[in-house]
Amino acid sequence: MAQAGKSTESESSMESVLTENRHFPPPAAFAKQAHIGSIEKYEEMHKRSVEDSEGFWSEVADELHWFKKWDTVLEWNLPDAKWFVGGKTNICYNCIDRQIDDGLGDHTAIVWEGEPIQDQDGGHAGGEPEIRKLTYNDLKREVSRFANALKNLGVKKGDVVTIYMPMVPELAIAMLACARIGAPHSIIFGGFSASAIRDRVEDGKSNIVITADGGWRRGKAVPLKDNVDEALTLTDLVKTVVVLERCQNDINMVEGRDHWWEDITATASEHCEAEPMDAEDLLFILYTSGSTGKPKGIMHTTGGYMVYTYLTSKYTFDLHPENNDMYWCTADIGWITGHSYIVYGLLPNRVPTLMYEGAPDAPDKDRFWDIIERHKVTKFYTAPTAIRAFMKWGREHIDKHDLSSLNVLGTVGEPINPEAWMWYHEVIGNEKCPIVDTWWQTETGGHMLTPLPGATTTTPGSCTKPFFGIDAAVVNSEGEPVGENEGGILVIRKPWPSMLRGVYGNRERFIDTYWSKVEGYYTAGDGARKDEHGNFWIMGRIDDVIVVAGHNLGTMEVESALVSHDAVAEAAVVGFPHDIKGTGIAAFVTLVGGIEETDELKKQVRDHVAKELGPISKPDKLQFTPALPKTRSGKIMRRLLRDIAAGREISGDITTLEDKSIVEKLQQQAD
Ligand code: WT7
């Protein structure tokens with residue numbers, strides 16, 4: 001099926017690009033049963049969806065429940081979009097009640113697995129995992145009770161509710177309850193610290209926090225409530241805290257402020273009508289960190305977000321409730337991936353969504369594969385950073401399990417190196433599962449560039465083509481499309497239903513960040529190129545493109561070339577000031593387990609890049625490191641590496657860094 005090999009563009013080219021000749025058409029049997037089963041169908045629908053965007057989206061919206069139909073599909077006043085204007089709906093109703101109305105109340109909505117594997121004494125040795133399944137009826141009851149409990153605590157439509165919880169069903173219940181009564185939520189990832197909570201609570205002017213005593217991570221209770229307590233010594237905005245009991249770790253309850261989840265729901269009614277919301281009412285705020293400055297509160301509203309996440313879920317993963325699909329996204333709900341593709345886009349599609357509480361290596365490195373085997377997962381969605389960790393851990397953990405239930409594999413969060421893509425395809429997908437490399441952002445709400453598994457011929461490292469309704473292009477700063485395979489700025493030229501509606505409380509930042517780089521178009525901040533097949537390749541953040549001796553190099557391609565060396569597990573590349581070239585290339589590399597760090601190997605790895613991409617791309621410096629500095633969402637913090645490579649003090653905020661000790665180690669080793 002695949003053609004082997006990759007080759008290098010001629011050196012005279014302005015850009016050095018990794019040319020990828022491996023192409024994987026959708027398996028015929030898969031295409032036959034898929035919603036979108038051929039590239040012709042994709043093209044025809046895509047054309048229509050862009051030319052008659054309003055007609056297209058109104059037909060999709062019609063598949064869902066509205067209390068009142070919209071008057072106008074789109075009002076576009078650059079950069080402000082209003083979708084389904086005049087329409088009244090409720091996303092919680094569409095996630096739950098709509099299924100019950102259609103007689104599916106006893107079907108499974110959420111399957112949850114906790115981290116601890118317990119034996120009879122509650123220990124962790126070889127026992128049964130803790131599993132809960134909630135039907136749509138269960139979910140409606142629990143969500144309604146919690147919604148009423150919130151109302152009893154004084155929460156009203158429009159109040160921002162902060163949620164800081166572990167990956168337990170109550171997290172989904174809390175967000176759906178907020179949506180049911182029209183209180184926008186602001187979810188904070190459970191890995192963040194007290195100061196992150198303070199910043200977000202203050203920015204969102206939120207006076208209620210929902211949390212838990214703790215959440216399990218590698219056998220330890222993450223002290224969520226302690227973090228909230230610490231945050232609340234830094235701000236006096238919060239008047240009410242709701243605490244779910246999960247780990248029974250020791251916590252402090254403040255009289256009058258703190259309430260147990262169990263207590264407030266025990267007395268609450270299990271009937272709560274879903275509030276008819278304006279299509280443009282705020283659904284949630286979710287903070288995303290920029291490379292500079294404070295995190296931005298990205299705003300998403302009700303109707304457009306609902307319609308777009310519903311359709312992308314359905315088509316990107318080719319969901320079929322009638323085929324016993326079991327869908328698992330390994331992200332935390334605290335990220336946009338979890339908002340859109342664990343909860344809001346999934347539930348209206350009537351396919352069970354699996355939630356897992358803990359770490360991929362707890363109690364063992366085969367935990368994910370064990371979960372897939374036991375729950376017969378059919379669609380699996382994870383991140384390149386996780387895939388590279390699995391590669392490093394070795395395939396013996398995978399070979400122990402039967403993964404034959406899988407039929408679509410997804411990735412998101414950063415560019416996937418061709419090497420990791422091939423491993424995912426061969427080792428996890430057994431060469432039979434289409435891979436959907438989905439490019440999108442917190443700001444876009446849903447998938448923007450992605451293969452459709454029954455239609456798109458995939459190629460390792462490319463996120464392929466725009467989703468329906470998306471008019472994507474690679475342009476120069478004047479907004480003119482650049483040539484084939486030429487690097488440029490990735491823009492979206494037309495509004496789409498789930499686009500961000502603003503940065504909470506900061507109009508200027510909204511305009512500056514997204515609407516000022518190229519006149520009239522949404523700029524994502526990513527660099528990209530489009531190849532001769534019309535496939536998009538993300539080259540990295542625009543800030544990460546390095547210009548070496550007049551050549552534009554995407555850090556991504558140098559990193560992919562590094563990772564394609566057998567000894568290399570992970571790599572990050574940045575520019576640094578260089579006397580002769582202006583900018584030099586510095587590479588930071590982690591090795592596959594057990595391989596020794598020698599100067600000879602450094603040389604080999606550098607030469608390998610020169611061979612793959614041409615001498616211009618050969619790293620000037622290469623440093624081995626046991627790990628790369630990453631944010632808690634798994635993104636490499638290149639800005640820190642730039643400081644280290646330049647021999648500068650670290651500048652800017654590092655509160656989102658996962659392991660601060662890595663930075664010290666790198667600074668000590670730097671030459
Ligand atoms: C940035 C957005 C979207 C949910 C998770 C991250 C990078 C994301 C891909 C991909 C290449 C990707 C981009 C983007 N990114 N997916 N498939 N290929 N790059 O959300 O934290 O808002 O980050 O992640 O740079 O702009 P986010």
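In this note, helices (H or I, at least four residues) and strands (E, at least two) are DSSP runs, numbered from the N terminus.

The model is predicted: local features need pLDDT of at least 70, side-chain atom pairs count only at pLDDT 80 or more, and totals for chains, interfaces and linings use all residues. Residues are numbered from 1 along each chain as its sequence is written, and side-chain values use heavy atoms, with hydrogens and water left out.

1. Proline 363 belongs to the loop between β19 (353-356) and α12. As background, most peptide bonds are trans, and most residues other than glycine have a negative phi.

2. Positive phi values. Glutamine 248 is not a glycine, yet has a positive phi of about 55°. Its place is the loop between β13 (240-244) and β14 (258-260). Threonine 464, in the loop between β22 and β23 (472-475), likewise has a positive phi, near 60°. Is each of these two residues buried or exposed? Glutamine 248 is exposed, with a relative accessible area of 63%, whereas threonine 464 is buried, at 0%. Here buried means under 20% relative accessible area, exposed over 50%, and partly exposed in between (1.4 Å probe, protein chains only).

3. Ligand shell. There are 17 residues around the ligand, and the closest are Asp437, Thr438, Thr442, Asp526 and Arg541. By class, the shell has six nonpolar, five polar and six charged residues. In this scheme Ala, Val, Leu, Ile, Met, Phe, Trp, Tyr, Cys and Pro count as nonpolar, Asp, Glu, Lys and Arg as charged, and the others, Gly among them, as polar.

4. Two or more residues of the shell come from each of α11 (336-344), β22 (435-438) and β26 (536-541).

5. Aromatic pairs. The structure holds 42 aromatic pairs. Rings of Phe, Tyr and Trp (its six-membered ring) pair if their centres lie within 6.5 Å; planes under 30 degrees apart count as stacked, over 60 as edge-to-face and the rest as tilted. Phenylalanine 284 and tyrosine 305 form an edge-to-face pair, 5.1 Å centre to centre with 85° between the planes. Phenylalanine 284 lies in strand β16 (residues 282-288) and tyrosine 305 in helix α10 (residues 302-316), so the pair ties together parts that are 21 residues apart in sequence. Phenylalanine 284 is buried at 0% relative accessibility, and tyrosine 305 is buried at 1%.

6. Phenylalanine 368 and phenylalanine 390 form an edge-to-face pair with 5.6 Å between centres and 65° between planes. Phenylalanine 368 is in helix α12 (residues 367-375) and phenylalanine 390 in helix α13 (residues 384-393), so this pair ties together parts that are 22 residues apart in sequence. Phenylalanine 368 is buried at 5% relative accessibility, and phenylalanine 390 at 3%.

7. Charges over rings. The charged end of lysine 365 sits over the ring of tryptophan 393, 5.5 Å from its centre. Lysine 621 lies over the face of phenylalanine 576, 4.3 Å from the ring centre. The criterion is NZ of Lys or CZ of Arg within 6 Å of the ring centre and within 35 degrees of the ring normal.

Note on methods
Near = heavy atom within 4 Å.
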